[in-house]
Amino acid sequence: MKIKIIGLGKMGLNLVSNLVRNDHDVVCYDINEESRKAAKELGANPTEDLVSFFNVNKEENNTYWMMLPSGKVTEEMILSCRANLKIGDILIDGGNSKFADSIHHYHLLKEKGIHFLDVGTSGGMSGARDGACMMVGGDPAIFTKVENLFKDLCVDKGYLYCGQAGSGHYLKMVHNGIEYGMMQAIGEGFNLLHHSRYDYNLEEVARVFNNGSVVRSWLMELTEKALQENPRMEGISGQVPSSGEGKWTVEEMLELGQSAPVITQSLLTRYASMDEEKYGEKVIASLRNQFGGHVIPKE
């Protein structure tokens, strides 16, 4: 089928590769010239600017797929699409947008007769390229209309129609919260092994954990790969950025009055890792000195 891709970053470009390999006719656009060149080398048809992009096959009903960062960039592109797409066109947001934003976008586009699907995409860059996992929200008739697209892009049994608008990105939000907790557990476990009284080869530990053990997983496979490449984790700052999904998961937990302590703690650990100043820890060290005469460690 013909499909128009907006956003050729790490995920978008790999998605283009997947689509072209599955014989889809891909028109695409990105603000970055090098990304457009890379897409052309893959067999897609990039346009020089957004106006040209919207004008390709404009007389037909088109399916558009956005792979953009959540927030302002996605919001601005939604407004551009609202102004340029026509009645009956389909817009898919495959990025990590907040589910509440996707509900808003669904209604905003529906006012103009434009259909909208929110798609949570998992599997990383290799998944986008070779077979992803996708969670789809929106009108069921529109999902059915483009279901073959998900069959081509995903691994076997790797996509799910979730329900009404926002449900795809909601499920991906919770998925990423679980991911936070799993990675936190792996990091803590290997940190303990790193400091233990035994001289473990951690790459081999990851390998054996990933063959027959209860904790075998793709994340453990990636742990083995990372330790193979850099066993002492040299040159890495230890900062762990948070892209938003974990925060949204915790906010939803609080909204529903539920409990998710592992996900919450993993999010707070990420926040703590980004704090280079360590002002709060300095206050604590000073308090220990004030009441107990404990030595204040110096920088």
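The legends below describe close-up views of a predicted model of one protein chain.

**View 1. The interface where domain 1 meets domain 2.** Eleven residues on the side of domain 1 are in contact with nine residues of domain 2. Together the two domains bury an area of about 770 Å², and carbon and sulfur atoms give 62% of that area. Within the part that domain 1 buries against domain 2, the residues N96, K98 and F99 supply 52%, which is more than any other three residues supply.

**View 2. Charged and polar pairs across the interface.** One salt bridge is found across the interface of domain 1 and domain 2, and five residue pairs are in polar contact across this interface. Strand β6, made of residues 115-122, gives the most to the side of domain 1 that touches domain 2, contributing three residues. Sorted by class, that side of domain 1 has two nonpolar residues, eight polar residues and one charged residue.

**View 3. The salt bridge of K98 and E251.** K98 and E251 form a salt bridge in which the closest N and O atoms are 3.4 Å apart. K98 is also one of the three residues, with N96 and F99, that supply 52% of the area that domain 1 buries against domain 2.

View 4. S273 is found in helix α13, which covers residues 261-273. From there, the side chain of S273 reaches the backbone nitrogen of V240 at 2.8 Å, and, when residues up to four places away in sequence are left out, S273 touches G238, Q239 and V240. For residues 168-299, an unreviewed UniProt entry lists "domain: 6-phosphogluconate dehydrogenase C-terminal". Over residues 168-299 the chain is 65% helix and 0% strand, with its end C-alpha atoms 47 Å apart.

**View 5. The salt bridge of E48 and R36.** A search of the whole structure finds twelve salt bridges, and in one view of these the side chains of E48 and R36 meet with an N to O distance of 4.0 Å. The pair links distant parts of the chain, since E48 lies in the loop between β3 (45-46) and α3 (50-55) while R36 lies in helix α2 (residues 33-42), twelve residues apart.

Methods: Residues numbered from 1 in each chain as written. Predicted model: local features only at pLDDT ≥ 70, side-chain atom pairs only at ≥ 80, totals over all residues. Heavy atoms only, no water. Contact = heavy atoms within 4.5 Å. Buried area = accessible area lost by both parts, 1.4 Å probe. Polar contact = N/O pair within 3.5 Å; in protein donor to acceptor, adjacent residues only side chain to side chain. Helix = DSSP H or I, 4+ residues; strand = E, 2+ residues; numbered from the N terminus. Nonpolar A, V, L, I, M, F, W, Y, C, P; charged D, E, K, R; others polar. UniProt positions renumbered as here; feature names shortened; annotations may be inferred.
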